[in-house]
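The sequence and model are shown first.

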Amino acid sequence: MPRHRPAAPAPRGKPIKLALQGGGAHGAFTWGVLDEILADGRLDITAVSGASAGAMNAVILADGLADGGPARARAQLERFWRKASLDGALPDFARPVFDTVLNFWSPRANPWLGMLQTASPYDFNPLNINPLKTILDEEIDFARLRTASPVRLAIAATNTETGKVRVFREGELTADHIAASACLPQVFRAVEIDGTPYWDGGYMGNPPLYPLFEGEGCDLLLIQINPVRRPGAPVSATAIQHRINEISFNSPLLHELRAIEFVARLIDTGVLTDPHYKRILMHRIAMSETHAETAETKMSTEFGFFLKLRNAGRTAAKAWLKAHYDDIGTRETMDLRAEFA
């Protein structure tokens with residue numbers, strides 16, 4: 001009788017590491033990018049870093065993959081964003097708090113902005129309501145994620161005492177860690193983890209790139225939802241505040257990108273030959289390059305608005321895959337030298 005042969009393992013796609021930027025409700029654009037990558041099926045996501053909304057997308061992605069693969073991850077991402085929307089199932093007392101988080105990047109649409117400028121969350125949120133933790137606990141099996149995450153995770157938070165970034169890994173994650181990564185200090189009390197208070201990770205790593213240098217593979221895809229450049233100087237109070245937010249939350253990312261470009265230049269010129277240093281192949285899908293949301297866009301937490309951003313993210317990812325899939329593993333498609341020229 002012929003000897004039985006075990007089934008061949010399912011082919012894996014090209015390995016890719018993802019860096020997911022935070023930026024309030026614009027994180028729904030990242031949802032769309034992830035949805036298209038999962039549907040396309042040609043990329044093997046091996047590691048994900050994120051801050052704030054990027055951290056939410058990262059853990060939901062990883063938990064969905066652990067629960068049933070790409071199809072499950074796609075469904076779980078959609079369920080999270082639906083639940084987070086105005087049409088979702090948040091209790092009435094929690095809705096204003098969560099809307100403020102999602103709308104923080106669009107002050108014109110933020111009904112609490114005046115109070116946020118003059119009051120502390122320790123005063124106007126005395127019960128320390130954090131609806132994000134409620135949603136995350138409902139949606140994510142953190143016990144499974146800590147022991148069986150199919151991807152490496154790096155979630156950024158800012159240590160309020162030292163001002164330094166703290167990166168939490170998949171083996172230690174709870175809803176508190178994600179809440180810390182998305183803890184806007186104007187809205188929430190600092191989230192304490194092991195006695196240390198943390199604020200939003202976007203202040204010091206939006207998203208952190210250096211944890212993705214570890215392990216095999218050199219391709220790193222940045223999903224950037226906060227524009228680096230905006231033409232002209234803002235003149236209205238709203239536009240000025242919005243631009244300050246963008247610059248502040250982009251600053252740590254730009255520092256890391258500049259360091260990557262510097263090391264790549266040293267390697268290319270033969271100055272740096274230490275094998276411990278490797279060339280990072282940077283790629284980027286930027287919302288500002290594909291979708292016309294401006295600083296004055298009136299943000300909405302309605303699910304229809306999230307779907308609009310999701311569809312824009314799917315379109316952008318589809319175009320990027322068509323143009324650059326063959327480049328993965330071969331060369332970078334983000335011109336860092338031009339970025340800092």
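How are α1 and α12 oriented to each other? The answer follows from the geometry set out under the second heading.

## Basis and overall architecture

The model is predicted; local features need pLDDT of at least 70 and side-chain atom pairs count only at pLDDT 80 or more, while totals for chains, interfaces and linings use all residues. Residues are numbered from 1 along each chain as its sequence is written, and side-chain values use heavy atoms, with hydrogens and water left out.

The chain contains 13 helices and eight strands; helices (H or I, at least four residues) and strands (E, at least two) are DSSP runs numbered from the N terminus. Of its 341 residues, 52% count as buried, where buried means under 20% relative accessible area, exposed over 50% and partly exposed in between (1.4 Å probe, protein chains only). Contact means heavy atoms within 4.5 Å. Among contacts between residues at least 6 apart in sequence, 76% join residues at least 24 apart.

Helix α1 (residues 27–40) packs against α12 at an angle of about 50°, and their axes are 6 Å apart. Axes are lines fitted to C-alpha atoms, for helices over the stretch in contact, and angles run from 0 to 180 degrees between N-to-C directions. The two helices α1 and α12 are therefore oblique to each other: angles under 35 degrees count as roughly parallel, over 145 as roughly antiparallel, 65 to 115 as roughly perpendicular and the rest as oblique. The crossing of α1 and α12 is right-handed; a crossing is left-handed if the near helix is turned anticlockwise from the far one by less than a right angle, and right-handed if clockwise.

The axes of α3 and α12 come within 9 Å and cross at roughly 145°. Here Arg74, Glu78, Trp81, Arg82 and Ala84 of α3 meet Phe303, Phe306, Arg310 and Arg314 of α12.

## Arg314

Arg314 lies in helix α12 and, at 26% relative accessibility, counts as partly exposed. Beyond its neighbours within four places in sequence, Arg314 is in contact with Gly32, Val33, Asp35, Glu36 and Arg74. Its C-alpha atom is 8.2 Å from that of Trp31, although Arg314 and Trp31 are 283 residues apart in sequence.

## Aromatic pairs and charges over a ring

A pair of aromatic rings is described by the distance of the centres and the angle of the planes. Rings of Phe, Tyr and Trp (its six-membered ring) pair if their centres lie within 6.5 Å; planes under 30 degrees apart count as stacked, over 60 as edge-to-face and the rest as tilted. By this rule the count is six aromatic pairs. In one of them, the ring centres of Trp81 and Phe306 are 5.1 Å apart and the planes stand at 80°, so the pair is edge-to-face. This pair links distant parts of the chain, with Trp81 in helix α3 (residues 70–84) and Phe306 in helix α12 (residues 303–324), 225 residues apart. Trp81 and Phe306 are both buried. Ring pairs link Trp31, Phe80, Trp81, Phe303 and Phe306 into a cluster.

Tyr325 has the charged end of Lys14 over its ring, 4.4 Å from the centre. Arg42 also lies over the face of Tyr325, at 4.1 Å from the ring centre. A charge sits over a ring if NZ of Lys or CZ of Arg is within 6 Å of the ring centre and within 35 degrees of the ring normal.

## Loops and backbone geometry

Gly205 is found in the loop between β6 (196–200) and β7 (219–224). With a relative accessible area of 1%, Gly205 is buried. Leaving aside neighbours within four places in sequence, Gly205 is in contact with Ala51, Ala156 and Pro252. The C-alpha atoms of Gly205 and Gly22 are separated by 9.6 Å, while the two residues are 183 apart along the chain. Pro207 lies in the loop between β6 and β7, and a cis peptide bond with omega of about -10° joins Asn206 and Pro207.

Two residues other than glycine are noted for positive phi. Ser52, in the loop between β2 (43–50) and α2 (53–68), has phi near 60° and counts as buried at 12% relative accessibility. Asp194, in the loop between β5 (191–193) and β6, has phi of about 55° and is exposed, with a relative accessible area of 78%.
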